[in-house]
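Here is a briefing on one protein chain. Look over the sequence and the structure first, then read the points below.

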Amino acid sequence: MTRTRHPGRRRRARPLGGKRKYAAIWLLVTTGAVLVSYCGIHEIYVAGGESHEATPVVSVPSALPAPSVTNTGPVAVQGGSTPDPPGESMRARPAPPPSPRPDPTPTPTPTTAVEITSPADQAKVNGRAGLLVHGRSGNLRGDVLRIFVYAPDGRFYLTDDGPIPTRNGTWSSSIQQIGDGTRDIGRFFKITAVRADATCQDTIHGRSQDVNGNIAFLAVPPGCTIADTVDVLKTAWN
């Protein structure tokens, strides 16, 4: 059967502009997807990763801050031990307590020293008037104190009448005369304090006086120890 075209009815022609528009959009989308995939794979290779699986690149908005991680407890370490919290070794340690100060007044130890305190060294004396000798002494431990004068004639003259007592660490002894008249004016005499043990005492007791009433020795007797000396200058005899 042959269709009869009706005169006066025209068939509308479909516009071609719509198809071209959709084709252009599809081409742009496809091309963009290919470029995005290529760029992602290229970044992976540049960073050193060689993965055959395409990793999607996700961009993080820069407005959101990165979350902070706070360590709220010690980290477990293999083997059962727990390390010290961070910064434990850098904490300030308390200062050690101050050491006690030494006693400002320590207890003095006993001394055995003997010292002549008067007259002063190089003092001038009147031989006829004599002088008074003062001194200090510690514990003599069984010895006794005796006083001699060493004269220019080379002899030690005993000047006391017996052992000199010590009271509260001090002592004194009187010397009646020094020297032989006016003949030795201007000469030095040496006052000598001696610690005498039993042997020295026996030697002194066994010595007789000379014609002038003196007990003299050419050297200090055995058992006598010279403890201190002072030189005096004889300047007069009156």
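Beyond its neighbours within four places in sequence, Q201 is in contact with V144, R146, P163 and A196 (contact: heavy atoms within 4.5 Å). The model is predicted: local features need pLDDT of at least 70, side-chain atom pairs count only at pLDDT 80 or more, and totals for chains, interfaces and linings use all residues. Residues are numbered from 1 along each chain as its sequence is written, and side-chain values use heavy atoms, with hydrogens and water left out.

**Q201 and helix α2**

- Q201 sits in helix α2 (helices, H or I, have at least four residues and strands, E, at least two; both are DSSP runs numbered from the N terminus).
- Its relative accessibility is 12%, so Q201 counts as buried (buried is under 20% relative accessible area, exposed over 50%, partly exposed in between; 1.4 Å probe, protein chains only).
- The side chains of Q201 and R146 are joined by a polar contact of 2.7 Å (a pair of N or O atoms within 3.5 Å; within protein, one must be able to donate a hydrogen and the other to accept it, and residues adjacent in sequence count only if both atoms are side-chain atoms).
- C200, Q201 and I204 are the buried residues in α2.
- Seen down the helix axis, the buried residues of α2 fall within an arc of 100°, so they line one face (the arc is that of the directions from the axis to the C-beta atoms).
- These buried residues pack against β4, β5 (156-158), β7, β8 (216-217) and β9.
- The face turned away carries the exposed A198, D202 and G206.
- D197 caps the N-terminal end of α2, with a side-chain oxygen 3.2 Å from the backbone nitrogen of T199.

**Disulfide**

- C200 and C224 form a disulfide, with sulfur atoms 1.5 Å apart (the cut-off is 2.5 Å between cysteine sulfur atoms).
- C200 lies in helix α2 (residues 198-206) and C224 in strand β9, 24 residues apart.
- C200 is buried at 0% relative accessible area, and C224 is buried at 11%.

**Nonpolar cores**

- The largest nonpolar core has 21 residues; I116, L131, V133, L145, W171, I175 and I191 touch the most other members (a core is a set of buried Ala, Val, Leu, Ile, Met, Phe, Trp, Tyr and Cys residues joined through side-chain atoms within 4.5 Å).
- Apart from it lies another core of ten residues, including L158, A196, I204 and C224.

**Confidence**

- Mean pLDDT is 76, and 57% of residues reach 70 or more (pLDDT is the predictor's confidence in each residue, from 0 to 100).
- Over residues 49-64, pLDDT stays under 50.
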